[in-house]
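Biologist: I'd like to go through this model with you, one question at a time. Shall we begin with the whole chain and then zoom in?

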Amino acid sequence: MDKPKNLAEIWIPEDKKIFFFSDAHLGNQPYHLEKSREEKLISFIQKISKETEYVFILGDLFDFWFEYNKSIYKRYIRILSELMAFTDNNINVNYLVGNHDFWMKDLFKKFFHFNLHFNPVILNYGKDKVFIAHGDGLNPKDRGYLFVKRIFRSDLTVKLFSSLHPDLAWAIAHNFSKTSRKYTEQYSSSEIEELKKFSKNKIENEHFNKVILGHTHNPEITSFKNGEYINSGDWINHFSYIEVCGNKWELKYYSKTEK
Ligand SMILES: [Mn+2]
C-alpha cells in the first residue's frame with residue numbers, strides 16, 4: 001500500500017466510542033438568529049462529553065476564525081467556554097482545521113489541549129483504516145478555491161491582518177467569509193460527487209475502508225465494494241454527526257430531547 005506522505009496517524013482502541021461533527025459556521029448570522037442552533041450544539045457537546053473519550057471536530061466550527069495573540073472575538077465566548085467541557089473531562093479532541101478556520105495558532109493546543117491538524121489524518125481503529133479530512137481542497141478541479149486558500153493562509157496576509165485593530169479585522173473578516181462561502185457552501189451536486197469520487201479512489205486504491213469528511217454540509221453514507229464514505233453534514237440545517245463504537249458506524253441527527 002502507498003502510505004500518503006507525512007500524514008499524522010492515530011490509534012484508538014476499537015472498544016472506545018468516537019464522535020465526529022463539523023461545520024457549525026458559528027458567527028455567520030446575527031446572534032439572535034443563530035442562538036438556538038448554538039444552544040443545540042452546546043447541548044450536544046455536553047452530552048457527548050459524558051459519553052466518550054474521543055472526539056473529532058472536522059473543521060469550520062466557526063464561520064471565521066482569526067487568532068490574535070491576546071484578544072478573542074466576543075461572539076465566541078459562549079462556545080469556547082462550552083468546549084472546555086472536553087478539556088475538563090480529559091477528552092482527546094482532534095480538530096481538523098477547516099477552510100473557515102483561517103488562522104489558528106496556539107489557543108486550542110495550549111488552553112484546550114486539542115490536537116490541531118492542518119492536514120488529513122489516518123485513524124487506525126480496530127480493523128478499520130480510516131482517512132479523515134475536513135474535505136476542502138481535495139477536488140483538484142477546484143483551482144479557484146485552492147488559489148484563494150493559498151492567499152488567505154499566506155504569512156504576509158496573516159501579518160497584515162494581525163496589524164489591524166481587531167474590530168476592523170473582524171469587519172473585514174465578515175466580508176471575506178461571505179466570499180469564501182461562495183466557494184464552499186453553495187455545493188452543487190457535482191461538487192458533492194467529486195468528494196464521493198475522491199473517497200471511492202481512496203478506498204479502492206489506498207486500501208482505506210472508511211473515508212470521513214465534512215465540508216459539503218451534506219450528511220451522507222455511501223457504500224463502495226470495500227468500504228464506506230461518511231460525511232458528517234452540518235450544524236446549520238442538519239445537526240448531524242457520526243458515532244462509532246466497535247464496527248458500528250452510524251450517521252445520526254441530534255435533537256435536544258435525546259438528552
Ligand atoms: Mn468547509
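**Walking through the fold**

Biologist: Taking contacts between residues at least 6 apart in sequence, what percentage join residues at least 24 apart?
Modeller: A word on the source: this is a predicted model, where local features need pLDDT of at least 70 and side-chain atom pairs count only at pLDDT 80 or more, while totals for chains, interfaces and linings use all residues. Residues are numbered from 1 along each chain as its sequence is written. Two residues are in contact if their C-beta atoms, placed from the backbone, lie within 7 Å. On that count, the share of contacts joining residues at least 24 apart is 71%.

Biologist: What radius of gyration does the protein have?
Modeller: It's taken over C-alpha atoms, and the globule rule is 2.2 Å times the number of residues to the power 0.38. For 259 residues, that puts a compact globule near 18 Å, and the protein agrees, with a radius of gyration of 18 Å.

Biologist: And what percentage of the residues are buried?
Modeller: A residue is buried if 20 or more other C-beta atoms lie within 10 Å of its own, exposed if 12 or fewer, and partly exposed in between, with C-beta atoms placed from the backbone. Of the 259 residues, the buried ones make up 34%.

Biologist: Which residues touch the most other members of the largest nonpolar core?
Modeller: A nonpolar core here is a set of buried Ala, Val, Leu, Ile, Met, Phe, Trp, Tyr and Cys residues joined through C-beta atoms within 7 Å. Phe20 has contacts with Phe56, Leu58, Ile212, Ser232, Tyr241 and Ile242, leaving out residues up to four places away in sequence. In the 52-residue core, those that touch the most other members are Phe20, Val55, Phe56, Ile57, Ile132 and Ile212.

Biologist: How many helices and strands does the protein have?
Modeller: Helices (H or I, at least four residues) and strands (E, at least two) are DSSP runs, numbered from the N terminus. The protein comes to seven helices and twelve strands.

Biologist: Which residue in strand 12 is the bridge partner of valine 244?
Modeller: Strand 2 (residues 17–21) pairs with strand 11 in the antiparallel sense over four bridges, and there isoleucine 18 has valine 244 as its bridge partner. Strand 11 (residues 240–245) also runs antiparallel to strand 12, joined by six bridges. Across that pairing, the partner of valine 244 is tryptophan 249.

Biologist: Is isoleucine 203 buried or exposed?
Modeller: Isoleucine 203 lies in helix 7 (residues 189–205). Beyond its neighbours within four places in sequence, its contacts include Phe208, Val211, Phe224 and Gly227. Because 23 C-beta neighbours sit inside 10 Å, isoleucine 203 counts as buried.

Biologist: How far apart are the end C-alpha atoms of helix 2?
Modeller: The expected span of a helix is 1.5 Å times one less than its number of residues. For the twelve residues of helix 2 (residues 77–88) that should be 16 Å, which agrees with the end C-alpha separation of 17 Å.

How values were computed:
Two strands pair if DSSP finds at least two bridges between them.
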